[in-house]
Amino acid sequence: QVQLVESGGGLVQPGGSLRLSCAASGSIISIRAMGWYRQAPGKQRELVAAISGGNTNYGDSVKGRFTISRENAKKTVYLQMNSLKPEDTAVYYCNADGVITNGGHTGDYWGQGTQVTVSS
């Protein structure tokens, strides 16, 4: 069984920084892409950032402020968030896409979410 466990959320003042981590565990052979999505109250879930191989993709609202990185050996993805704004407040979800397990199954998985609140 594949699990994604996120950490690093919390309360931060505007202009501050946070670093989110997400570690995948289970009988995983490979993961095609990992990423972060967020959902604010009353809004749809949106892409924050994703990484696949050497390629990264960012949502327009976070470009230049957030950086996604990945440690393949640890099956872990990170999101460094700088210059945080109140509108970044949301639940942040980790996603692993194209996960191949040693049972031959391929699937997509989500973490449980971690709250990020930007407020003074």
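How do strand 1 and strand 3 pair, in the parallel or the antiparallel sense, and over how many bridges? Strand 1 and strand 3 pair in the antiparallel sense, over five bridges. Two strands count as paired if DSSP finds at least two bridges between them. Strands here are DSSP runs of E with at least two residues, numbered from the N terminus.

Good morning. Before I continue, please note that this is a predicted model, in which local features need pLDDT of at least 70 and side-chain atom pairs count only at pLDDT 80 or more, while totals for chains, interfaces and linings use all residues. Residues are numbered from 1 along each chain as its sequence is written, and side-chain values use heavy atoms, with hydrogens and water left out.

Let us stay with strand 1, residues 3-7. Its covered face carries Leu4 and Glu6, and its uncovered face carries Gln3, Val5 and Ser7. In a regular strand the side chains alternate between the two faces of the sheet. Glutamate 6 stands opposite cysteine 22, a residue of strand 3.

Cysteine 22 leads us to the disulfide. The partners are cysteine 22 and cysteine 94, with their sulfur atoms 2.0 Å apart. Because cysteine 22 lies in strand 3 and cysteine 94 in strand 9, the pair ties together parts that are 72 residues apart in sequence. The torsion about the S-S bond is about -80°, so the disulfide is left-handed. Both cysteine 22 and cysteine 94 are buried; buried means under 20% relative accessible area, exposed means over 50%, and partly exposed lies in between, for a 1.4 Å probe and protein chains only.

I turn now to the core. A nonpolar core is a set of buried Ala, Val, Leu, Ile, Met, Phe, Trp, Tyr and Cys residues joined through side-chain atoms within 4.5 Å. The largest one has 30 residues, and Trp36, Leu79, Met81 and Tyr92 have the most contacts inside it. Strand 9 gives the most to this core, with five residues. Methionine 81 touches Leu18, Leu20, Phe66, Tyr92 and Val116, among others, when residues up to four places away in sequence are not counted. Contact here means heavy atoms within 4.5 Å.

Strand 9 also has a neighbour to consider. It runs antiparallel to strand 10, residues 106-110, and four bridges join the two. Across this pairing, alanine 96 of the one stands opposite tyrosine 109 in strand 10. Four residues lie between the strands of this hairpin, in which glycine 104 takes a positive phi near 90°.

The structure holds one aromatic pair. The rings of tyrosine 37 and tryptophan 110 have their centres 5.1 Å apart and their planes at 65°, so the pair is edge-to-face. Rings of Phe, Tyr and Trp (its six-membered ring) pair if their centres lie within 6.5 Å, and planes under 30 degrees apart count as stacked, over 60 as edge-to-face and the rest as tilted. At 24% relative accessibility, tyrosine 37 counts as partly exposed; at 40%, tryptophan 110 does too.

Finally, which residue lies over the face of tryptophan 110? Arginine 45 does, at 4.7 Å from the ring centre. A charge sits over a ring if NZ of Lys or CZ of Arg is within 6 Å of the ring centre and within 35 degrees of the ring normal. The charged end of arginine 19 likewise sits over the ring of tyrosine 78, 4.1 Å from its centre. Thank you for your attention.

Methods: Disulfide = S-S within 2.5 Å.
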